[in-house]
Amino acid sequence: MSKIIITCAVTGSIHTPTMSSYLPITAMEIAEQAIAAADAGAAILHLHARNPADGRPSAAPEHFMAFLPAIQQKTDAILNLSTGGSALMSLDERLAAPKQTEPEMCSLNMGSMNFALYPMAARINDWKHDWEKPFLENSDDLVFKNTPRDITHILTELGVNRGARFEFECYDVGHLYMLRHFVDRGLVRAPLFIQFVFGVLGGIGADPANLMHMKHIADKLFGDSYAFSVLAAGRQQMPMAAMAAAMGGHVRVGLEDSLHIERGRLATSNAEQVTKIRRIVEELGRTIAEPAEAREILGLKGIAKTNF
Ligand code: KMH
Ligand code: ZN
């Protein structure tokens, strides 16, 4: 089995400040936690920005630029910018920072879908900020829009024109077929890095049988021209990542996907989750990839060609 790439998704746009005081919000918090996660073994840092005033998800280039240089000065980890942003943002908003900063890697969501966060609101009474409750509750009538035209635009603007490679986020089996369609159109080339995403309400559930099936279909569609990684949102984060590691896949952890380190206990940092999954994968006999090795596996253009 090849070396295992640990991705850490540091803050995301799903969780809100009330849910955990450990969720990084300001540029300094995001940078500190990202650097510590890299030091703990994450080769890829998957990054979103937030408005430091109230923790609201942001895609503003100035919010990204407040932490990207600071992180890259302290680590050679691969900085992977989200193009998903949050479902409330327009595609232009989502792409402003990656277009300007030209990262080595970006996420790319392979289909439009429901992205229902509202069950999380039911568990909270006291909110830190006014925006949080409606943000979560209104996800019952929100489409996370990633049409074939959107995907084509991202592949062209960031991939063809700026040399980025992608973390293809596949939340269901149909998204694998959409990815194959883009391979057939010549807009996507090997080696593919496919993130199997489990446990988002609107996508496939976090169930071992579903991981087997996603892998089975990906094997059929992409043969040996792809590598897979697994993220599971919520409490199945670690078990599903461990299963991926045992199957020869890569893993993603981080507070974007789960706020917990174990049942009933909040993770105190992203690094704590990275340390835990590193311990699990090493106990399984696998070796983690350093950033340089991950760049080689993924065929990235290198830090020198970024613009931050
Ligand atoms: N939050 C994850 C479930 C993106 O940033 O493009 C998916 C994600 C999407 O990371
Ligand atoms: Zn993300």
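This briefing describes salt bridges in the structure above. The structure is a predicted model. The count of salt bridges comes to 15. Side chains of opposite charge can pair when their charged atoms come close.

**Arginine 295 and glutamate 104**

- Arginine 295 and glutamate 104 form a salt bridge in which the closest N and O atoms are 2.7 Å apart.
- Arginine 295 belongs to helix α11 (residues 291-298), whereas glutamate 104 sits in the loop between α4 (91-101) and β6 (105-109), so the pair ties together parts that are 191 residues apart in sequence.
- Arginine 295 is buried, at 14% relative accessibility.
- Glutamate 104 is also buried, with a relative accessibility of 1%.

**Arginine 180 and aspartate 184**

- A salt bridge joins the side chains of arginine 180 and aspartate 184, at 2.7 Å from N to O.
- Both residues lie in helix α7 (residues 173-184); because arginine 180 and aspartate 184 are four residues apart there, about one helical turn separates them.
- Arginine 180 is partly exposed, at 31% relative accessibility, whereas aspartate 184 is exposed, at 52%.

- The side chains of arginine 252 and aspartate 257 form a salt bridge with an N to O distance of 2.8 Å.
- Aspartate 257 has a relative accessible area of 5%, which means that it counts as buried, the cut-off being under 20%.
- Arginine 252 is likewise buried, with a relative accessible area of 2%.
- Arg252 and Asp257 belong to a network of salt bridges that also links Glu167, Glu169 and Glu256.

Notes: Residues are numbered from 1 along each chain as its sequence is written. Chains are lettered from A and ligands numbered from 1 in the order in which they are written. This is a predicted model: local features need pLDDT of at least 70, side-chain atom pairs count only at pLDDT 80 or more; totals for chains, interfaces and linings use all residues. Side-chain values use heavy atoms; hydrogens and water are left out. A salt bridge is a side-chain nitrogen of Lys or Arg within 4 Å of a carboxyl oxygen of Asp or Glu. Helices (H or I, at least four residues) and strands (E, at least two) are DSSP runs, numbered from the N terminus. Buried means under 20% relative accessible area, exposed over 50%, partly exposed in between (1.4 Å probe, protein chains only).
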